[in-house]
Amino acid sequence: QLQLVESGGGLVQPGGSLRLSCTASGSISDNYHIGWFRQSPGKDREGVSCMSNSDGNIYYTESRNARFIMSKDNAKSTVYLQMNSLEPEDTAVYYCGAVNARYSTMEAMCTLPYLPNYWGQGTQVTVSS
């Protein structure tokens, strides 16, 4: 079992930045793909970026003009999502999700948000003036 806990959300003005964190615990020695997803009111959950735990490769579902950057700290079992130049359209609950690499590719997990079978509780990001 894998447990995921997100943090770092909040209220930010347009053009501002936030860094989200997702800390994993439990069976972290297994090979998982882990990613960031978001869900806005009235919309389906969508993938933002996903990372292979084995080699650290990262997949972004959209370019977003490189405003979002995913990274990880292995020593802390934590992945991050640095979000810059935030726009009101980025307002959403951001979730950390993971799936065992035996059952999905990294790209598939990111484009098919129903694939992750481990989820954090989510963290609210609100971009507003």
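Mentor: A salt bridge is a side-chain nitrogen of Lys or Arg within 4 Å of a carboxyl oxygen of Asp or Glu. This is a predicted model, in which local features need pLDDT of at least 70 and side-chain atom pairs count only at pLDDT 80 or more, while totals for chains, interfaces and linings use all residues. Residues are numbered from 1 along each chain as its sequence is written, and side-chain values use heavy atoms, with hydrogens and water left out.

Trainee: What makes the pairing of E87 and R67 a salt bridge?

Mentor: The N to O distance between the side chains of E87 and R67 is 3.9 Å. The limit is 4 Å, so the pair qualifies.

Trainee: Which parts of the chain does this pair tie together?

Mentor: E87 is in the loop between strand 8 and strand 9, and R67 is in the loop between strand 6 (58-60) and strand 7, so parts that are 20 residues apart in sequence are tied together. Strands here are DSSP runs of E with at least two residues, and helices are runs of H or I with at least four, numbered from the N terminus.

Trainee: Which other residue meets R67 in a salt bridge?

Mentor: R67 also pairs with D90, at 2.8 Å from N to O. D90 lies in the loop between strand 8 and strand 9, 23 residues from R67. With a relative accessibility of 1%, D90 counts as buried.

Trainee: How many salt bridges does the whole structure contain?

Mentor: The search finds four. One of them joins E46 and R38, whose closest N and O atoms are 2.6 Å apart. R38 is buried at 8%, whereas E46 is partly exposed at 28%. R38, E46, R67, E87 and D90 are linked in a network of salt bridges.

Trainee: What makes a group of residues a nonpolar core?

Mentor: The members must be buried Ala, Val, Leu, Ile, Met, Phe, Trp, Tyr or Cys residues joined through side-chain atoms within 4.5 Å. The largest such core has 25 residues, and those touching the most other members are L4, I34, W36, V79, L81, M83 and Y94. Among the elements giving two or more residues to this core are strand 1 (2-7), strand 4 (32-39) and strand 8 (78-83). Apart from this core lies another of six residues, among them F37, C50, M106 and C110.

Trainee: Which residues is Y94 in contact with?

Mentor: Contact means heavy atoms within 4.5 Å. Leaving aside neighbours within four places in sequence, the contacts of Y94 include E6, L20, F37, R38 and V125.

Trainee: Why is M70 called buried?

Mentor: M70 has a relative accessible area of 3%, which is under 20%, so the name applies. M70 lies in strand 7. Beyond four places in sequence, M70 is in contact with residues including I34, W36, C50, V79 and L81.

Trainee: Where is S77, and why does it count as partly exposed?

Mentor: S77 is in the loop between strand 7 and strand 8. Its relative accessibility is 23%, which is between 20% and 50%, so S77 is partly exposed. S77 has a positive phi of about 50° although it is not a glycine.

Methods. Buried means under 20% relative accessible area, exposed over 50%, partly exposed in between (1.4 Å probe, protein chains only).
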